[in-house]
Every structure is written in C-alpha cells, then in structure tokens.
Amino acid sequence: MPERAPGLRTLFLHPPSYEGFDGGAGARYQARREIRSFWYPTWLAQPAALVPGSRLVDAPPDGLGVEQVAPLARQYELAVLHTSTPSFGNDLRVAERLKAENPRLLIGMVGAHVAVLPQASLRAAAAVDWVAMGEFDYACAEIAAGRPLGDVTGIAYRDGDRVRVTPPRAPIEDMDALPFVVDVYKRDLTVENYFIGYLMHPYVSLYTGRGCRSKCTFCLWPQTLGGHRYRVRSPASVEAEMALARRHFPQVREFFFDDDTFTDDLPRAEEIARRLGRLGITWSCNAKANVPRRTLEVMRENGLRLLLVGYESGNQQILNNIKKGLRLDVAREFTRHAKALGITIHGTFILGLPGETPETIQQTIRYACELEPDTIQVSLAAPYPGTELFRQAQEQGWLPPLSGDLVNRDGVQVAALNYPGLGQAEMFTSVEAFYRRFYFRPRKLVSMVGGMLRDPAVLRRRVREGVEFFRFLHQRRTAAVPAGPATSGAGA
Ligand code: SF4
C-alpha cells in the first residue's frame, strides 16, 4: 500500500477519451493522431509527485474507459482531472460520472482551458468544485493537504450558487524545488504503453523547464500556463533525475525533453548535454530552427539523436504574421548543419495560419521537400482560447458561424478557420496532399525502406504504423466533418 499522507486521498486522472485520443497532459496536439501516439501526463505527474500517497491514472494509453475509472471515485476524497479545449465536454461527463459514484468527492480541473475560462468552465460543470487558473502544482498540493479552497491562491471555486476567485498565484521560480516526475512514472505508469512515431520505443519524456521566449501567436502553453520566460531546473538537477530515470527504466531506449524550446538557453543546453553524455543516454528534444552549429555539435557529441523542430510554414510573411521570430534562410542553414551532424529531424508544419493561400500551401510543401526532414507532421491551425490567434480569429471573422469545436466526434481535429480565398475544405484536403507529396517521392521511399531493412524492430513498427496511417487518411476522407491532425503549438 502506498504511504498514507495526512490530507485528502488524491487521484490525479487523465480522463478516458476518444479512442486513440492523445489529449494527455503532456500532449501538445490534443487530438487523435495519424498513428497511435501518447505523450506522458507530465503536467499531472508533477503535482502527483508533491502529494505523497496519491495515484496518477492515465486512462487513454492504459485503454481504460469510464466504466473502469468510475469505481475509483469511491476510493478517493479528491480527484484532479486534466482537461483541454477539445476534450472539455467529454471530461465534464467523466467528472459527472465520478460525482455520481461518490457525491462527497471533491473534483478539480486543471489545464489551459480552465485557466483561460475559469468561470465559464465552472458554470458548465456542476460536478466540478474548483479549477486552477494557471500553474497548478502547489494549488493541487495545498488542496490535497486539506487547505480550505478559499485559502488556496490561483483557483476559482464553487461556493453554493456562487463562483469565487482567489488572488492569483505567482509562477514557480524555484524549479529545482519540484520533485522528480520519474518516481511517479515508475509508481503509476507503464512506459511500454507510450508511443510517439518518431521516437524509439519505449521512450520517456519529461520537462527540464517551463515557458518559451518566443511569442508564436498560435502556441497554447506559453500564452496560458508557461509564460514567455524560460524557467528552468539546474543542469545538476536534470542530471540527477536522468540518472534516476535510467535506473528506473533500463528498458527505455530514448529520453525526450519536452520543454517548449529546450534550446532557448544555449549555454545551459550545452551543459546539460555534457552531463547527459557522461551518463551515456540517448536523448532528443524540441528545438527552434535557429540553433547554431557549435551547440548542435556539443549536443550531438553527447547523445542527442533527434530534434523536433517547428518550421510551421515555408512562407516568410506567414512566419512574420505568427511572430515566429525565424527567418527561412536561418532555418535552412540550421537544417543543413543538423543533417550534416547526423541529427534526425522531425519537422512540424501548420497549414491555415494567417496569410495562408493555396499558393503558400504549395510553397510550404516545396519547402518541406527541400529541407528534407526525416519525418514530418502536418497540422491544421487551431485557434485555442487564450491565444492571440484565437483573438485574431474572433476579430477578423475567421471562425465559421456555429463552429467552435476543434475536434470532430471521433476526436480528430477539424479545420477550424475560414479565410477569404481559402476555405476549410481546401485546407483540410491539403494536409493529405502534403503528406503524399512529401513521403511518396522515390528518394524518400528508398531512405525509409533502407531504415526498415536495417532494423527488424523498426520494420515491424513501421508496417503497423503504415496501416494506421492509411486507415487514418481513409477516415478523414469519409468523416462528416473535415478533419486532420491537430496542433496547439508545434513545440519550438
Ligand atoms: S511554437 Fe515553439 S517557439 Fe513558438 S512559442 Fe510555441 S514552443 Fe515557443
């Protein structure tokens, strides 16, 4: 039995959702993906690490439905659910079911959606007692310790028929004070259940810092929970957690640092790399496409395998429109250097950003083929509440009437914006065209087949993923609502 701490028996729950829905607390793409993908629920694991004796349940990767999860309500006094804009309606139904099982259960919701819309969220959710209005680690810990809701900063809570809002909570500055999440992963999660197509399996992901210095208008987390300062743990703390992670998970083949932009602080990135090199682990991270060659060299020499790079668009004006702070020529040079050093690149692109036209879509497809990342992800622009893109879309009338959903009934993203000269349907079909133009080139096919033949495990996995990919494309075509893979910020 886990150690029983004073305070409330606490369950941290990533709710059951659409089949294959990767809306995890660690997911940047709250939607069903082309292939089975699950990020770690790192955002929930962090407060769970602060609450001794708590339990973290990540329902989607464990294949748990609401029928399996609901009885847990009777074992706990507090349940904290992570939610997102696309999953909010579904998460409310889970909360109602938990409350029906145990009417005395105190239920809180955390995540960007309730942080941006606290009052509206509580009004919509009679079963929910409180929501966190920003970073929620210590708020969860205080509530779990039994502190009255009115004395917990940074939340909105139900008080009879009224909603009360407590004073704001300052962002966490001492990141080293947060306990390691890998202990919670070890205690509560099954690492073999987590897949990301471009990462080796099994993998583990976590954060070494929060926030991103860039101000991309579409990107959710820095504009809601993380902020635009990169608040970091010390390299020594990162090294200590990774050493522990290696002991906990000897079967893990790759560690991924999911910081918004791990390379935002280059000297720190280099120092961490050197420490990881001494540990002898294989690792990957998010990076902006402007990392200088010297830093790439240091990272590569010290175990870096892959960079996840948000290129977004091949049109400079669109990059300027979204405040990406990136020049195409710099991104080209970065890519040349990374490839020359043997670093694998997963490039992410977004269609439907402000300024998009049929011509700029073609330009971006050509740009992707020219850059030749090893793998790509093509998303549709998603106007999440709390982002500048959402405000722009409201002001400019880009949100179609009677719309507002970001995913369809299967949890697959819909084309949510509508521009003069570029409708939702064209944006939607362009995603598939993009994938086809990129992957179905002789050169690309040869390199992919070569990789598969070199490693039978890769072959088996790629065959399975290929079947899932074509099934996904077929479902998109036959879906009543246009759909595609989603993004809430492509990471760096
Ligand atoms: S898209 Fe990347 S670079 Fe831009 S704000 Fe988000 S994490 Fe930062």
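Strands here are DSSP runs of E with at least two residues, numbered from the N terminus, and by that count Thr 208 sits in the loop between β10 (203-206) and β11 (209-210). Please keep in mind that this is a predicted model.

**Helix α7**

- Helix α7 spans residues 137-144, and seven of its eight residues are buried, so the rest of the structure largely encloses it.
- Those buried positions are Asp 137, Ala 139, Cys 140, Ala 141, Glu 142, Ile 143 and Ala 144.
- Just past the end of α7, Gly 146 adopts a positive phi of about 100°.

- Thr 208 has a relative accessible area of 1%, so it counts as buried, the cut-off being under 20%.
- The side chain of Thr 208 makes a polar contact of 2.5 Å with the side chain of Asp 259.
- Beyond its neighbours within four places in sequence, Thr 208 touches several residues, including Tyr 230, Val 232, Phe 257 and Phe 262.
- Arg 233 lies in another loop, the one between β12 (231-232) and α10 (235-248), and is buried too, at 7% relative accessibility.
- A polar contact of 3.1 Å connects the side chain of Arg 233 to that of Ser 237.
- Thr 208 is itself among the contacts of Arg 233, along with Met 175, Asp 176, Phe 180, Tyr 207, Val 238, Glu 241 and Arg 268.

**Salt bridges**

- The structure contains 28 salt bridges.
- One of them pairs Arg 74 with Glu 101, whose closest N and O atoms are 2.7 Å apart.
- This pair joins distant parts of the chain, 27 residues apart: Arg 74 is in the loop between α3 (66-69) and β5 (78-82), and Glu 101 is in helix α4 (residues 88-101).
- Arg 74 is exposed, with 54% relative accessibility.
- Asp 159 and Arg 164 form a salt bridge at 2.5 Å, N to O; Asp 159 is partly exposed at 34%, and Arg 164 is partly exposed at 32%.
- Lys 444 and Glu 372 form a salt bridge at 3.6 Å, N to O.
- That bridge spans 72 residues, from Lys 444 in helix α18 (residues 442-454) to Glu 372 in the loop between α15 (358-371) and β17 (375-380).
- Lys 444 is buried at 4% relative accessible area, and Glu 372 is buried at 9%.

Terms used. Residues numbered from 1 in each chain as written. Predicted model: local features only at pLDDT ≥ 70, side-chain atom pairs only at ≥ 80, totals over all residues. Heavy atoms only, no water. Buried < 20%, exposed > 50% of the residue type's maximum accessible area, 1.4 Å probe, protein only. Helix = DSSP H or I, 4+ residues; strand = E, 2+ residues; numbered from the N terminus. Polar contact = N/O pair within 3.5 Å; in protein donor to acceptor, adjacent residues only side chain to side chain. Contact = heavy atoms within 4.5 Å. Salt bridge = Lys/Arg side-chain N within 4 Å of Asp/Glu carboxyl O.
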